Amino acid sequence: MKIGIIGIGAIGGTIARKLAEKGHEVKVANSRGKDSVKEFADEIGAHPSDLNEISENVDILILSVPYSAIDSIPNEVFADLSSDAIVVDTGNFYPEIRDGEIEGLGNGEVESLWVSSKIERPVIKAFNTLLAYSLSELGLEKGEDGRLAMQVAGDDEKEKEIVMDLVDQCGFDPYDAGTLAESWKMQPTSAGYCCDYTVDELKSIKEKSTQTPESVAENRVNVMGNFANLTGGDFSHENVISINRKYNI
């Protein structure tokens, strides 16, 4: 498939690398122009791109930027996108540690519905419920014991199936998290969020959870706003997963 990716940070860059390794035609871009992504693109076998050409002739466009940067993406990026191209939102809203306040987000609103409204395109939510280390280092082949689950949500079942196949290719068992309106269940500090669970473990946690959109937002404020204290300053992968499993229920 022909895949464009905006943002080559810890998440977007890892997705780009994995999909290029699987033989997809990947091109990458960021807000700083083609020259700034050329070295990375050459390293992984992708094509460097400017934002004004990232939408040309792609089957899938993956957005991997902070929500505070959504407004900085030119409208033409989405206007020039083919009507049948899939847009994937990998974002998470972290007002306590990164994004600051954004109108229309943070109090139980569904983040990917906000993104969809902003860009005036339907989106599939994916690649946001694993830590960067998990995404980069813990993928396994299909059928291997202990393979981690990754949640995917969206309204178009065919599009969701295509994205779930990409998740599988990246080394994770796709977990259908429902419609885009239900994707609050995969926002920061929701049940199972960034907990390194298998599909069966994630399903069990989800079924037991009594969270609401509002309680997820409240949990995010309490957990992310106090994360340094909760971890005791130990930000190792193992400790962060332990903390997430304790609070994201």
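Student: Why is threonine 189 called buried?

Tutor: In this predicted model, threonine 189 has a relative accessible area of 1%. Buried means under 20%, so threonine 189 counts as buried. Its place is in the loop between strand 8 (173–176) and helix 8 (199–208).

Student: What is the phi of threonine 189?

Tutor: Threonine 189 has a positive phi of about 70°, although it is not a glycine. Most residues other than glycine have a negative phi.

Student: Which place does aspartate 196 have, and why does it count as buried?

Tutor: Aspartate 196 lies in the loop between strand 8 and helix 8. Its relative accessibility is 11%, and the cut-off for buried is under 20%, so aspartate 196 counts as buried. Aspartate 196 is not a glycine, yet has a positive phi of about 55°.

Student: How do you know that the buried residues of helix 8 line one face?

Tutor: The buried residues of helix 8 are Leu202, Ile205 and Lys206. Seen down the axis of helix 8, they fall within an arc of 100°, so they line one face of the helix. On the other side of helix 8, Asp200, Glu207 and Lys208 are exposed. Strand 7 (149–152) and strand 8 are included in what covers the buried residues of helix 8.

Student: How do you know that the span of helix 9 agrees with what it should be?

Tutor: Helix 9 (residues 213–224) has 12 residues, which at 1.5 Å a residue should span 16 Å. The expected span uses one less than the number of residues. The end C-alpha atoms of helix 9 are 16 Å apart, so the two values agree.

Student: Which residues of helix 9 are buried, and what makes them line one face?

Tutor: Val216, Ala217, Asn219, Arg220, Val223 and Met224 are the buried residues of helix 9. Their arc, seen down the axis of helix 9, is within 160°, so they line one face of the helix. They pack against helix 4 (95–99), helix 10 (227–231) and helix 11 (237–247).

Student: Against which helices do the buried residues of helix 11 pack?

Tutor: They pack against helix 6 (132–137) and helix 10. Among the buried residues of helix 11 are His237, Val240 and Ile243.

Student: How many aromatic pairs are found in the whole structure, and why is the pair of tyrosine 67 and tryptophan 114 called tilted?

Tutor: The search finds 2 aromatic pairs. The ring centres of tyrosine 67 and tryptophan 114 are 5.7 Å apart and their planes are at 50°. Pairing needs centres within 6.5 Å, and planes under 30 degrees apart count as stacked, over 60 as edge-to-face and the rest as tilted. The pair is therefore tilted.

Student: What does this pair tie together?

Tutor: Tyrosine 67 lies in the loop between strand 4 (60–63) and helix 3 (75–79), and tryptophan 114 in helix 5 (residues 111–119), so the pair ties together parts that are 47 residues apart in sequence. Both tyrosine 67 and tryptophan 114 are buried.

Student: What makes isoleucine 6 buried?

Tutor: Isoleucine 6 has a relative accessible area of 2%. The limit is under 20%, so isoleucine 6 is buried. Isoleucine 6 is found in strand 1 (residues 2–6). Leaving aside neighbours within four places in sequence, its contacts include Ala29, Leu51, Ile62 and Val77.

Conventions: Residues are numbered from 1 along each chain as its sequence is written. This is a predicted model: local features need pLDDT of at least 70, side-chain atom pairs count only at pLDDT 80 or more; totals for chains, interfaces and linings use all residues. Side-chain values use heavy atoms; hydrogens and water are left out. Helices (H or I, at least four residues) and strands (E, at least two) are DSSP runs, numbered from the N terminus. Buried means under 20% relative accessible area, exposed over 50%, partly exposed in between (1.4 Å probe, protein chains only). The arc is that of the directions from the helix axis to the C-beta atoms. Contact means heavy atoms within 4.5 Å. Rings of Phe, Tyr and Trp (its six-membered ring) pair if their centres lie within 6.5 Å; planes under 30 degrees apart count as stacked, over 60 as edge-to-face and the rest as tilted.
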